[in-house]
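Open the model in your viewer, keep the sequence panel beside it, and follow the stops below in order. At each stop you will be told what to select and then what is there.

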Amino acid sequence: IFEGFNSTLRRGNITHHEYIQVGKGRDVGLNQISLFEAKVACGNGEQTLSRDIYRLGHRFDFFRMLSCYYTTTGFYVSSMLVVLTVYAYLYGRLYLSLSGMERAIVRYAKAKGDDALKAVMTSQSLVQLGLLMALPMIMEIGLERGFRTAAGELIIMQLQLASVFFTFSLGTKVHYFGRTILHGGAKYRATGRGFVVKHEKFAENYRMYSRSHFTKALEMMILLVVYHSYNAAAPDSTTYTFITLSMWFLVVSWLFAPFLFNPSGFEWQKIVDDFEDWTKWMSSCGGIGVPATKSWESWWEEELEHLQYTGLLGRFWEIVLSLRFFLYQYGIVYQLHAVQNDKSLLVYGLSWLVILAVVIILKIVSMGRQKFSADFQLLFRLLKLFLFVAFIATILVFIKFLELTGGDMVACLMGFLPTGWALLLIAQACRPVVKAVGMWSSVKALARGYEYLMAIVIFAPVAILAWFPFVSEFQTRLLFNQAFSRGLQIQRILAGGKKNK
């Protein structure tokens, strides 16, 4: 690629010969596709940072520059802009609702008799559904084979969940492209040549998609739930659905596509085995020579590898991007009934005392585990019991004297969980300083707690769906052809007969 850039800069010509008859193909699953796309996205990130693209952009005329953009890094830049637009839209709507500006706009519109405001605010939902993106494909197939065939192709693609797959693929491209832009570190990723029609364990899917999809989808889900609670422009469910339908589709696709496209992903016995394998992986200790597939600690260290080799600018932008959670917490705190409409900064400062108390408790538990868990197990359990009783007593005091309601407690949970995640991201970016202070073990304990929470939130719906046998039958029919699907069903019946014998 870079030799082609260099040759073009020296006024050379690059020819491309394509032989359709000599084709190469192999069977791949979702994980192999994601690894390949991650590899290509990282490569495009390095191209974006290179001086070759900079020089080409300065020396090309307008039309060749457009051609260069759309045939090299433009696709990944456009994909990143799509996801950043979703983030900007969500945080912007949340700011309007939490600050009271949205309520004031709606009240002003009602006073003026402007009933069209709601229709204007929900009009973008038609564009968000992605119908405009599918229009070129429909026109091409329609001109070549007829518009009835084009409509049939579109319906079949939706039944095959093509929209879910490509939405999930968008998250893979954006994550690795953005990480390479911030920190560098493109590398070769082996996609494997094995038999891909096999069940991938939950721990494997979690390791592969935790940072690229799951954390971002859970963040968007929290923002959507909070916006539903405090918005004034969409008081009824119909309007809210029109406004946020595409974003909910993005969240569901990023959270559950790996299990939907996983063979036997909703088979109950495999779900039980996956959960046991995941708990064993989470509880295993890491260390030198322990691979990421055997221990959560080794995988966590491997996920932070890009921060060890990044520069000061990369760490700075990592911290700046984490500050969005603090702004989110700032808006949530002033919505609590216990605040009693007090808008002073003292209220926001007092909210940090709760976070400071949680950090102190984590440090006490971490120190207790190091000193007492091996030789004084009873003392360590008594320490955890004392902390639990103190926590319950504090909640009861808040309910009694500060009139803390159940809604306030849920709002605090929704507000402080992202704040803790932001503190974790900042601590990881400032790893040398945190290690020097002696808080790295507490950071690891906090990270492990968040991993448990995220995995349970993702695993619970999959386990519930696995209770119903028709879900597994639908998935088998969706992923495979009729002969293979029938073979899997017969194999289950034979396995059940052998177990009964």
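Where pLDDT is low, the predicted coordinates should not be read in detail.

Next, select residues 30–49, which form helix α2. With 20 residues at 1.5 Å a residue, α2 should span 28 Å, and the distance between its end C-alpha atoms, 29 Å, agrees with that expectation. Several residues of α2 are buried, among them L30, N31, Q32, S34 and E37. The buried residues of α2 are covered by elements that include α1 (2–9), α3 (51–59), α5 (74–99), α11 (162–183), α12 (202–230) and α13 (237–260).

Two packed helices are described by the angle between their axes and the distance between the axes. For α2 and α11 the angle is about 40 degrees, and the axes are 8 Å apart. Because of that angle, α2 counts as oblique to α11, and the crossing of these two helices is right-handed. To see the contact itself, show side chains including L30, I33, A38 and A41 of α2, together with F165, F168, Y176 and F177 among those of α11.

For a contrasting pair, select helix α14, residues 268–283, and helix α23, residues 440–466, whose axes come within 11 Å and cross at roughly 175 degrees. That angle makes α14 roughly antiparallel to α23. The residues in contact include W268, F275 and W278 of α14, and Y452, A455 and F459 of α23.

Finally, select S210, which lies in helix α12. Is S210 buried or exposed? Its relative accessible area is 0%, and because buried means under 20%, S210 is buried. Leaving aside residues up to four places away in sequence, S210 touches N205, T215, W299, E451 and M454.

Note on methods. Residues numbered from 1 in each chain as written. Predicted model: local features only at pLDDT ≥ 70, side-chain atom pairs only at ≥ 80, totals over all residues. Heavy atoms only, no water. Helix = DSSP H or I, 4+ residues; strand = E, 2+ residues; numbered from the N terminus. Expected span 1.5 Å × (residues − 1). Buried < 20%, exposed > 50% of the residue type's maximum accessible area, 1.4 Å probe, protein only. Contact = heavy atoms within 4.5 Å. Axes fitted to C-alpha atoms, helices over the stretch in contact; angles between N-to-C directions. Parallel < 35°, antiparallel > 145°, perpendicular 65-115°, else oblique. Left-handed = near helix turned anticlockwise from the far one by under 90°.
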